[in-house]
Amino acid sequence: KEADITKDETTAFLNLTTGAAGTYVVGLSTKSREIALKAAEFNEYLREDGLPDTLEERRKTGELEKDAKERYAKHVKAILQVGKAQTDDYKAILGYPVELVPQQNPYKLKKGDTMEVLCLKDGKPLADQVVLAGREESGKIKTSPELRSDAKGIVKLKLDGSGKWYVKFINMSKLADPNLNYESKWTTLTFEMK
């Protein structure tokens, strides 16, 4: 319920009461919004947020100096562990336009393990998608090397330490609309590793 969500300037908080012990998936999907960015800002955003293919396409078509207007929506998931009983709920598919689905329960994994994560778009595996990942360690973000999904939509993430982990991607499409240049769909998966 919307009443269970509070937010400040940069973060949204979900007040949640869980039931029995197990592995839970919590998701939130936002309404679409539009944003206009100057060319330099848009190019920097593409560089920083894992969209090298869109940046290269802008370079090839001579659009690096062109401002951009984008429609975007965010689709986030968190995996929580309550108590010791681990369940298969971690792999629930919520049916978002884009989604990340772990193929192993992250709460069964340990430092040094590799976790496979499935990238979906419209419920189908998404190949060749750039994926970013990292973890919070001592209050700082440590990023992993950039990943790309394989032909089956899978990325393999090396879990090199404990902390709060995130995996994310932005899937961006160019639009033919004269008033809107791009549509992007953001997805994030978070979990914690002790």
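This report describes helix packing, strand pairing and aromatic pairs in a predicted model.

## Basis of the model

The model is predicted, with local features requiring pLDDT of at least 70 and side-chain atom pairs counted only at pLDDT 80 or more, while totals for chains, interfaces and linings use all residues. Residues are numbered from 1 along each chain as its sequence is written, and side-chain values use heavy atoms, with hydrogens and water left out.

Helices (H or I, at least four residues) and strands (E, at least two) are DSSP runs, numbered from the N terminus.

## Helices α1 and α2

Helix α1 covers residues 39-48 and helix α2 residues 52-60; their axes come within 7 Å and cross at roughly 140°. Axes are lines fitted to C-alpha atoms, for helices over the stretch in contact, and angles run from 0 to 180 degrees between N-to-C directions. The two helices are therefore oblique to each other; angles under 35 degrees count as roughly parallel, over 145 as roughly antiparallel, 65 to 115 as roughly perpendicular and the rest as oblique. The crossing of α1 and α2 is left-handed, meaning that the near helix is turned anticlockwise from the far one by less than a right angle.

On the α1 side, the contact (heavy atoms within 4.5 Å) is made by A39, F42, N43, L46 and R47, and on the α2 side by P52, T54, L55 and R58. These residues divide into five nonpolar, two polar and two charged. Here Ala, Val, Leu, Ile, Met, Phe, Trp, Tyr, Cys and Pro count as nonpolar, Asp, Glu, Lys and Arg as charged, and the others, Gly among them, as polar.

## Aromatic pairs

Five aromatic pairs are found in a search of the whole structure. One of them is edge-to-face and joins F42 and Y45, at 5.6 Å centre to centre with 65° between the planes. Rings of Phe, Tyr and Trp (its six-membered ring) pair if their centres lie within 6.5 Å; planes under 30 degrees apart count as stacked, over 60 as edge-to-face and the rest as tilted. Because F42 and Y45 are three residues apart in helix α1, about one helical turn separates them.

## Pairing around strand β5

Two strands pair if DSSP finds at least two bridges between them. Strand β5 (residues 68-82) pairs with strand β3 (residues 22-29) in the antiparallel sense over eight bridges, with T23 opposite Q81 of β5. Strand β4 (residues 33-37) also pairs with β5 in the antiparallel sense, over five bridges; I35 has E70 in β5 as its bridge partner.

Strand β14 (residues 182-193) runs parallel to β5, and nine bridges join them. In this pairing R71 stands opposite E183 of β14.

## Pairing around strand β7

Strand β7 (residues 114-121) is antiparallel to strand β6 (residues 98-102), with five bridges between them. P102 has V117 of β7 as its bridge partner. Five bridges also link β7 to strand β12 (residues 154-158) in the antiparallel sense, and L118 stands opposite I154 of β12.

With strand β8 (residues 124-125), β7 forms an antiparallel pair over two bridges, in which L120 is opposite P125 of β8. β7 and β8 make a hairpin with two residues between them, and D122 in the turn has a positive phi of about 50°.

## The β9–β10 hairpin

Strand β9 (residues 130-137) and strand β10 (residues 140-143) run antiparallel and are joined by four bridges. E136 has I141 in β10 as its bridge partner. Two residues lie between β9 and β10 in this hairpin, and S138 in the turn has a positive phi of about 55°.
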